Amino acid sequence: MSEKRLVWLSDSPTLETGYANISKQICNRLVAKGWKIIYLGSNYYGQTLSPPSQIKGGIKLDFELVGQG
């Protein structure tokens, strides 16, 4: 079976919003099930982060985060 891929657009996972928190959890869990996720983070102005990465508060991101400033 070919690799499963998904592009996800939501609030940046570096923000403390409900959308960001839920999206972060869903994307990390999909990666654990074998998906490749590219997360387009609205209001994220930083450089692209490749997995695995860690953000403020020790939160682990298992997906690629791309800024959408």
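Modeller: Let us begin with cysteine 27, which is in contact (heavy atoms within 4.5 Å) with Trp8, Ile37, Tyr39 and Phe63, leaving aside its neighbours within four places in sequence. This is a predicted model, in which local features need pLDDT of at least 70, side-chain atom pairs count only at pLDDT 80 or more, and totals for chains, interfaces and linings use all residues. Residues are numbered from 1 along each chain as its sequence is written, and side-chain values use heavy atoms, with hydrogens and water left out.

Colleague: Which residues make up the largest nonpolar core?

Modeller: A nonpolar core is a set of buried Ala, Val, Leu, Ile, Met, Phe, Trp, Tyr and Cys residues joined through side-chain atoms within 4.5 Å; buried means under 20% relative accessible area, exposed over 50%, and partly exposed in between, with a 1.4 Å probe and protein chains only. Here the largest such core has 10 residues: Cys27, Leu30, Ile37, Tyr39, Tyr44, Leu49, Ile55, Leu61, Phe63 and Leu65. H1 and S2 are the elements that give two or more residues to this core. Helices (H or I, at least four residues) and strands (E, at least two) are DSSP runs, numbered from the N terminus.

Colleague: How is an aromatic pair described?

Modeller: One gives the distance of the ring centres and the angle of the planes. Rings of Phe, Tyr and Trp (its six-membered ring) pair if their centres lie within 6.5 Å; planes under 30 degrees apart count as stacked, over 60 as edge-to-face and the rest as tilted. The structure holds one aromatic pair. Tyrosine 39 and phenylalanine 63 are stacked, at 5.1 Å centre to centre and 15 degrees between the planes. The pair links distant parts of the chain, 24 residues apart: tyrosine 39 lies in strand S2, and phenylalanine 63 in the loop between strand S4 (59-61) and S5.

Colleague: Are tyrosine 39 and phenylalanine 63 buried or exposed?

Modeller: Tyrosine 39 counts as buried because its relative accessibility is 0%. Phenylalanine 63, with a relative accessible area of 1%, is buried as well.

Colleague: What is the strand order of the open sheet?

Modeller: Two strands pair if DSSP finds at least two bridges between them. The three strands of this open sheet have the order S1-S2-S5, with parallel pairing. Strand S1 (4-11) and strand S5 (64-68) each have a single partner strand, so one side of each is left without a neighbour in the sheet.
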